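Subject: Structure for your review

Dear colleague,

Please find the structure below, together with its sequence.

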Amino acid sequence: MTIGIKVDFLWFSIGEDDFLHSFFSTICMNLENGKWGSEYPLIMRNLYSGKLSYSELEQAKKELNQISERLKKISPEKIVWDAENLDAMPPWGSDISEDIEDLSDYFITSDGKNLISVFNEAMHEAQVEKMDLEIKNL
């Protein structure tokens, strides 16, 4: 299923829902010691559940920046496809681009953009528009 971020009438494409779940699973297992939302509650609980309210955006941006900085220090081999099934592997296995040097640049959307950058852009637009940010299926 194709998924993206909606801010009012703006749409930011992400890709498949299992790809997005992998992003959150990777954070959970690598940055939160397997305890979903323990360090990044707005990103891991609220955003993952599908919505960040306008009032949460500033703090969520801080969480996302911390996540990005920490993922820069972790090699791509530490990818987690599914926190509930640690044996699951991405459909492409370990055949990834040489441009991917760490987990901060592992997640590339279906239209070729860095997922963390897309989240930052969507959060910025939501703040400008004074709107909530939502994750939606097409």
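The notes below cover the sheet, a helix pair and the aromatic rings.

This is a predicted model, in which local features need pLDDT of at least 70 and side-chain atom pairs count only at pLDDT 80 or more, while totals for chains, interfaces and linings use all residues. Residues are numbered from 1 along each chain as its sequence is written, and side-chain values use heavy atoms, without hydrogens and water.

An open sheet is formed by 4 strands in the order β2-β1-β4-β3, with antiparallel pairing (strands are DSSP E runs of at least two residues, helices H or I runs of at least four, numbered from the N terminus; two strands pair if DSSP finds at least two bridges between them). β2 (10–16) and β3 (51–52) stand at the edges with a single partner strand each, so one side of each has no neighbour in the sheet. β3 pairs with β4 (residues 133–137) over 2 bridges; Leu 52 has Leu 133 in β4 as its bridge partner.

Helix α1 (residues 17–31) packs against helix α3 (residues 57–71) at about 70 degrees, with axes 11 Å apart (axes are lines fitted to C-alpha atoms, for helices over the stretch in contact, and angles run from 0 to 180 degrees between N-to-C directions).

The rings of Phe 23 and Phe 107 have centres 5.3 Å apart and planes at 85 degrees, so the pair is edge-to-face (centres within 6.5 Å, planes over 60 degrees apart). Phe 23 lies in helix α1 and Phe 107 in the loop between α3 and α4 (115–129), 84 residues apart.

Yours sincerely

Technical notes. Phe/Tyr/Trp six-rings, centres within 6.5 Å; stacked < 30°, edge-to-face > 60°.
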